[in-house]
Amino acid sequence: LGCITFVARAVGNNFQYFLQMANVQELFLKSIRFGARNEVICRIGAGVIGDVYTACSDWLTTSPSAVQDFTDRIVSELLGLLLDTSLEMALKGHVVDALTDIQIAHGKYANRYAGDILDKCLEIGSLIPPLDADEETMEHFNEIRCSIIDTCRNCVATLAQVKQIDNFQKYLPKIDQFFDAVSKDFKRATVDVLRSCIKLLSESADYCDKNTKRKLQTAAVQSILNRAAAMGQKDAELATQAKIAYSAISNV
């Protein structure tokens, strides 16, 4: 299983021939099904799946139907694993990354999976770890937060590409719940999380209409913008980006 990543990276889109093989597909599915019981297999399996879809992205953006049934199954298995309460937080990060890679690899066809992936990822991201969570747990959770934001950003870009950006509004309530969770956990949220939030807000403002911008003007969003803008002495670039994002969202 581990060597597949190196093969996929070496042959790129030519890995499509292997991805269509039943025995290769079954290997990937087994790695996810066993993931809840075996940490090593889960980590390697999720990583390999993400790498394979990334390697085949040019092909998938033109011929997704060739492996659509398999992708449907693998996304379903990954989402089930993501919501498995017995799975360690560190491993959930690998699962989110794999789901994000699959979504990105499909380009304009990502809408088939974007809704379910975004919905389940935001469900995880809206949680706030216990106050006694150790440093390692928070490190993993903040990495997950960044990955979830990457998923949201890709969703926005995809919807804009296929001229369906109005559909982004249906995700706003859960995205705001995510922002609210981050704003209530500022002391433990990393600068990278804040920076990712600002990027999402800026890109959303660039793509969305005035009505959607108004819906982004929530207390949680304002709190994140204020927090980032106040970091001028520690991170001048982040503070500037926050001010630009605020201006873009306010321009209605």
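Helices (H or I, at least four residues) and strands (E, at least two) are DSSP runs, numbered from the N terminus. The structure is a predicted model, in which local features need pLDDT of at least 70, side-chain atom pairs count only at pLDDT 80 or more, and totals for chains, interfaces and linings use all residues. Residues are numbered from 1 along each chain as its sequence is written, and side-chain values use heavy atoms, with hydrogens and water left out.

Q: Which helices each supply at least two residues of the nonpolar patch?
A: They are α1 (4-11) and α2 (16-19). The patch itself is made by V7, V11, Y17, F18 and M21 and has an area of about 420 Å². Accessible areas come from the Shrake-Rupley method with a 1.4 Å probe, and for residues only the protein chains shown count as cover.

Q: Why does Y17 count as exposed?
A: Residues are buried under 20% relative accessible area, exposed over 50%, and partly exposed in between (1.4 Å probe, protein chains only). Y17, a residue of helix α2, has a relative accessibility of 54% and therefore counts as exposed. Patches are made of residues with over 30% relative accessible area and no salt bridge; like charges are joined within 9 Å, and nonpolar side chains (Val, Leu, Ile, Met, Phe, Trp, Tyr) within 5 Å.

Q: What makes the surface patch formed by E39, E88, D97, D132, D134, E135, E136, E139 and E143 negative?
A: Asp and Glu count as negative and Lys and Arg as positive, while His and the chain ends are not counted. Every member of this patch is Asp or Glu, so the patch is called negative. For joining charges, the place of each is taken as NZ of Lys, CZ of Arg, CG of Asp or CD of Glu. Helix α9 (residues 135-161) gives the most to the patch, with four residues; E136 is found in this helix.

Q: Why is F28 called buried?
A: Its relative accessibility is 1%, and therefore F28 counts as buried. F28 is found in helix α3 (residues 22-33). Contact means heavy atoms within 4.5 Å; by this rule F28 touches L1, I4, L19, V48, I49, V52, F70 and I74, not counting residues up to four places away in sequence. The C-alpha atoms of F28 and I74 are separated by 7.8 Å, although these residues are 46 apart along the chain.

Q: How do you know that Q103 is buried?
A: The relative accessible area of Q103 is 1%, so the residue falls in the buried class. Q103 lies in helix α7 (residues 89-105), and its contacts are A110, A114, I117, T151, N154 and C155, not counting residues up to four places away in sequence.

Q: What makes the pair of E77 and R33 a salt bridge?
A: A salt bridge is a side-chain nitrogen of Lys or Arg within 4 Å of a carboxyl oxygen of Asp or Glu. The closest N and O atoms of E77 and R33 are 3.1 Å apart, so the pair meets this rule. The pair links distant parts of the chain, with E77 in helix α6 (residues 68-82) and R33 in helix α3, 44 residues apart. Together with E26, these two residues are linked in a network of salt bridges.

Q: Where do D192 and R195 lie?
A: Both are in helix α11 (residues 191-207), three residues apart, about one turn of the helix. The structure holds 13 salt bridges.

Q: Why is K163 called exposed?
A: K163 has a relative accessible area of 75%, so the residue is exposed. K163 lies in the loop between α9 and α10 (172-183). Its phi is near 60°, a positive value in a residue other than glycine.
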